[in-house]
Amino acid sequence: MASASRQLIRQVLNAYNSEFESSVVNHAKSLLLDTLGVSLAAREAPEALRLRKALQNSGGLTSAGSGAILWGSQNTASCGDAALYNGTLAHALELDDFGGADHSGAVVFPAVLAVSELPLNLSGLEFLKAAIAGYEVARRVLEAAGAYRIHNADAGWHSTATCGAPGAAVAAGLVLGLDEDQLVSALGFATTMIGGTWAFNSDGAMSKRLHPGWAANLGVNASLWAQAGITGPEFAFEADWGGFFNTYAKEGAEPQKLHENFWVWPRVLRSGVKPYPCCRDNHSVVDIMLDLHSEVQGQLSNVKRIEIRCIPEMYKMLSNATPKNMVEAQLSMPYSSAVALVDGKVTLDRFANEALADPTVRRIIEKIEMTSDASLEDDAEPLVLVHMNDGTTNERTIPFAKGDHKNPLGTEEIEAKFFDMCRIGGIGNSAKEIVEVVDRIETAESIRPLLDLLEAPTQETSNGAPGKAA
């Protein structure tokens, strides 16, 4: 019987060589545009500046034209280092897509675009199909690992890194034209050499931002190693000693989910676009608070107390009520909720370090009581009880937050977010051209025009980037 990796690769190749439905292609284009937008907005974020400095100190940076581009700059690097940088860039503002591995776009697109810089003459449709295959693999690996509650909350792995890397390896390998054996090796490398845990949640460390980039880097290198003839482990998933399931998914693994009903519902359709710059699990409560803001019409004193009951993993991840930096604030449900109630909107500047001590927001946070409720169903959105001073209590929940694949943003909303991201990144002059290229990319003979647009900003100063560092 074929190994789990070989079965998966055969399914991927069969799907890749078939015709993709327009709904799948169009959704992938939306995710691509969103990934590029949030990346370009972050080009002066602290993580971007410091990682670029680290690459420069290591001799990894080169001039444009001699490697893979670092998006929004005039620097290039090796394919692997470019994927590391661009993946970090994509996740630096906590605005990248969700619902995949979890943040599949920040891993898959940097990997695919990095190897696309090689002299391959890749068409736009080939590029998109490879990326879509990467989304499929990344999400299926997470599902097979027991899904988010078991792999992330219980075991402590950050699935964007651990499950994203196999997706990036397969996607990059398809771009490189690897055969079945080579793709199995690439998947073996990515599945056995992965890493990334939730330790950053103890202090809001920047390491979180690097996880997608590191996974993209591994995916790129795994495909290049396989192309060169280095063999990766065939039985990477099921090996008794050191296999993925026995090492990264000791409890609750469901190996059959790697393969069952393959391509019946392409997993890329599960990924959504974020409307708010904070952890996706905050979003349904943010939606509720935005509605409450409209209802109280600025009379915040009429709100006596707010109870938020959530599933245990959300509480573990998001209950910090006193965030001290941007990462912690974006992973704080009390903070994100308070901002929504106070402002009637949730904008990126509200998560900058200097904004976190706002006294009005702090007073609302003091009214919020967040509790863990194990009786809620798996993946349930939080239950919110709003107690008013007049003695009334409103119970609210939103089953699918705005941006979810069951409550998606419209095309105009996605483009509006993209233009706003380009404004923040100071490259507004290029935004319209990028939208036009992405809109017709599946018919393009080459993706070179898109790569060229990512090379250097037309306007060198940033406008509103949070947490700018020297």
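Good morning. A residue is called buried when its relative accessible area is under 20%. With that in mind, please look at the predicted model above.

I begin with Glu381 and Arg280, both of which are buried. Their side chains meet in a salt bridge, with 3.4 Å from N to O. The pair links distant parts of the chain: Glu381 sits in the loop between strand E5 and strand E6, Arg280 in the loop between helix H12 and helix H13, and they are 101 residues apart.

The whole structure holds 29 salt bridges. In another of them, Asp181 meets Arg6 at 2.8 Å, N to O. Asp181 belongs to helix H10 and Arg6 to helix H1, so this contact ties together parts that are 175 residues apart in sequence. Is Arg6 buried or exposed? Its relative accessibility is 13%, so Arg6 counts as buried. Asp181, at 46%, counts as partly exposed. Salt bridges with shared partners join Arg6, Arg10, Glu180, Asp181 and Glu234 into one network.

I turn now to the aromatic rings. There are 13 aromatic pairs. One of them is formed by Phe189 and Trp225, an edge-to-face pair with 5.3 Å between centres and 80° between planes. Phe189 lies in helix H10 and Trp225 in helix H11, 36 residues apart. Phe189 is buried at 9% relative accessibility, whereas Trp225 is partly exposed at 29%. The rings of Phe262 and Trp263 have planes at 20° and centres 6.4 Å apart, so this pair is stacked.

Finally, Trp157, Phe237, Phe244, Phe245 and Tyr248 form one aromatic cluster, and Lys129 lies over the face of Tyr16, 5.3 Å from the ring centre. Thank you.

Definitions and conventions: Residues are numbered from 1 along each chain as its sequence is written. This is a predicted model: local features need pLDDT of at least 70, side-chain atom pairs count only at pLDDT 80 or more; totals for chains, interfaces and linings use all residues. Side-chain values use heavy atoms; hydrogens and water are left out. Rings of Phe, Tyr and Trp (its six-membered ring) pair if their centres lie within 6.5 Å; planes under 30 degrees apart count as stacked, over 60 as edge-to-face and the rest as tilted. Helices (H or I, at least four residues) and strands (E, at least two) are DSSP runs, numbered from the N terminus. Buried means under 20% relative accessible area, exposed over 50%, partly exposed in between (1.4 Å probe, protein chains only). A charge sits over a ring if NZ of Lys or CZ of Arg is within 6 Å of the ring centre and within 35 degrees of the ring normal. A salt bridge is a side-chain nitrogen of Lys or Arg within 4 Å of a carboxyl oxygen of Asp or Glu.
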